[in-house]
Amino acid sequence: MGHSGNLQLKVVNGDAGYVLEDVPHLTDYIPDLPTYPNPLQFNAAYSVVKQYFVNVDDTVSQKIVVHKDSPRGTHFRRAGPRQKVYFVSDEVHACIVTCGGLCPGLNTVIREIVCGLYHMYGVSKILGIDVVNDIHKRGGTILGTSRGGHDTSKIVDSIQDRGINQVYIIGGDGTQKGAAVIYEVIDKSFGFDTAVEEAQRAINAAHVEAESIENGIGVVKLMGRYCGFIAMYATLGSRDVDCCLIPESPFYLEGEGGLYEFIEKRLKENGHMVIVIAEGAGQDLLAESLQSMNQQDASGNKLLQDVGLWISHKIKDHFARLHKMAINLKYIDPTYMIRAIPSNASDNVYCTLLAQSAVHGAVAGYTGFTVGPVNGRHAYIPFNRINERQNQVVITDRMWARVLSSTNQPSFLSANELAKFKREKPSCPVVG
């Protein structure tokens, strides 16, 4: 794992429209490499497993909802231990890299890669890491992190000089850019469940504040630069949210059917309301800040204006200007609190599966891949497909309809806009 450069996509075609988008293997570059029996067959922990190893021909389908006449479609190589491996434990010198922003679960993945290499394959040489026993109980990353500025040639030279032959790169789209440059086929990224769970605390605090005072409004800004999954799932999980605003669903403030009208209506009905807004929502409405809209951070991400602070000021100014009603608005931004916490139990299990799948793939000789669940089955996905498209909420899909049903908010879309979205954004089975 961790081969850099321009990898050619390996495609295998089969009967009935079957397509395997395979990952590179060491034998593609060094033919006739020796193989060794997988030491897992001698591992006491696996002695009760009915089938030790994944069949070499096992693949995972990208789509599981098909019609009877549909082609079999795109598949990816199933993750898991193989009967033969291409590394002897004493010859493995591994390193682990984290870069980009923080998220819950980084330390858990680090720990489980180290433990997987040692306990499953007897590997003890892992650069710069000694003790990992309790690091999963801590937020952040013990390895440190940074945004952008990497010199690929220096990184490659350092890897060669140190004799490193396995590189594990951990993180989301920012980190993967350092490897090749996560792709929407993966069900979800690690840390997602923890982020949604922690977001509940902020939403609950906003609800308590809003409910405790006349015409109280709680505004919570959550992560979601280009997509609103955390905001959407946090809204569904909370049931205290009156309006959820995400980047994929345009909204407007003024006039009939606008946000201001909805806020006034909800305050008259309930006396309070909670608004959840993803950080990338409404950026087109920040007209006064257009001069900075094309700036980028060190990772190449577009610098966004603080839409939570902006919309809070706009709501306050609107109701103060009209003298219709006195409002009391509280704004909560839990972004850095969420990023810095340890992963919860669900994500700890998920991180363990990801880490072990990565280790199994590396020792089996696969390279240039990322690992993740595709329709519930872990698979190896080639770097060529990473960041091909940002996974986004499909606002013409049922999940977004569930949000609108939960909040009873308007869609803020005209009939023409809705028809346009139905044409341009077909339903997608991915949820994370």
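This report covers the helix packing and a few selected residues of a predicted protein model.

**Basis and overall make-up**

Because the model is predicted, local features need pLDDT of at least 70 and side-chain atom pairs count only at pLDDT 80 or more, while totals for chains, interfaces and linings use all residues. Residues are numbered from 1 along each chain as its sequence is written, and side-chain values use heavy atoms, with hydrogens and water left out.

The protein has 11 helices and 14 strands. Helices (H or I, at least four residues) and strands (E, at least two) are DSSP runs, numbered from the N terminus. The protein holds 432 residues, and 47% of them are buried. Buried means under 20% relative accessible area, exposed means over 50%, and partly exposed lies in between (1.4 Å probe, protein chains only). The accessible surface comes to about 21,000 Å². Carbon and sulfur atoms account for 50% of that surface. Areas come from the Shrake-Rupley method with a 1.4 Å probe; for residues, only the protein chains shown count as cover.

**Helix pairs**

Axes are lines fitted to C-alpha atoms, for helices over the stretch in contact, and angles run from 0 to 180 degrees between N-to-C directions.

| Pair | Axis separation | Angle |
|---|---|---|
| α4 and α5 | 9 Å | about 60° |
| α5 and α10 | 10 Å | about 45° |
| α6 and α7 | within 11 Å | roughly 70° |

The angle classes are as follows: under 35 degrees is roughly parallel, over 145 roughly antiparallel, 65 to 115 roughly perpendicular, and the rest oblique. A crossing is left-handed if the near helix is turned anticlockwise from the far one by less than a right angle, and right-handed if clockwise. Contact means heavy atoms within 4.5 Å. For residue classes, Ala, Val, Leu, Ile, Met, Phe, Trp, Tyr, Cys and Pro count as nonpolar; Asp, Glu, Lys and Arg count as charged; the others, Gly among them, count as polar.

Take α4 and α5. The two helices are oblique to each other. Their crossing is right-handed. On the α4 side, the contact uses F192, A195, V196, A199, Q200 and I203. On the α5 side, F229, I230, Y233, A234, G237 and S238 take part. The contact of α4 with α5 has nine nonpolar, three polar and no charged residues.

Helix α5 (residues 229-238) also packs with helix α10 (residues 398-407). Here α5 is oblique to α10. The crossing is left-handed. From α5 come M232, Y233, T235 and L236; from α10 come M399, W400, R402, V403, S406 and T407. By class, the contact of α5 with α10 has six nonpolar, three polar and one charged residues.

Helix α6 (residues 259-270) meets helix α7 (residues 307-322). These helices are roughly perpendicular to each other. Their crossing is right-handed. The contact joins L259, Y260, I263 and E264 of α6 to I311, K314, I315, H318 and F319 of α7. Six nonpolar, one polar and two charged residues make up the contact of α6 with α7.

**Buried residues**

H318 lies in helix α7. Its relative accessible area is 7%, so H318 is buried. Leaving aside neighbours within four places in sequence, H318 is in contact with E254 and Y260.

N43 sits in the loop between β3 (36-37) and β4 (59-61). N43 counts as buried because its relative accessibility is 17%. Residues up to four places away in sequence aside, N43 touches H119 and M120. N43 and Y121 are 78 residues apart in sequence, with their C-alpha atoms 9.2 Å apart in space.

D187 is found in the loop between α3 (173-179) and α4 (192-211). At 18% relative accessible area, D187 is buried. D187 and V374 are 187 residues apart along the chain, yet their C-alpha atoms are separated by 5.6 Å.

**Positive phi**

Most residues other than glycine have a negative phi. A16 is not a glycine, but has a positive phi of about 60°. A16 is in the loop between β1 (10-13) and β2 (18-22). With a relative accessible area of 55%, A16 is exposed.

D32 is not a glycine either, and has a positive phi of about 60°. D32 lies in the loop between β2 and β3. Its relative accessible area is 78%, so D32 is exposed.
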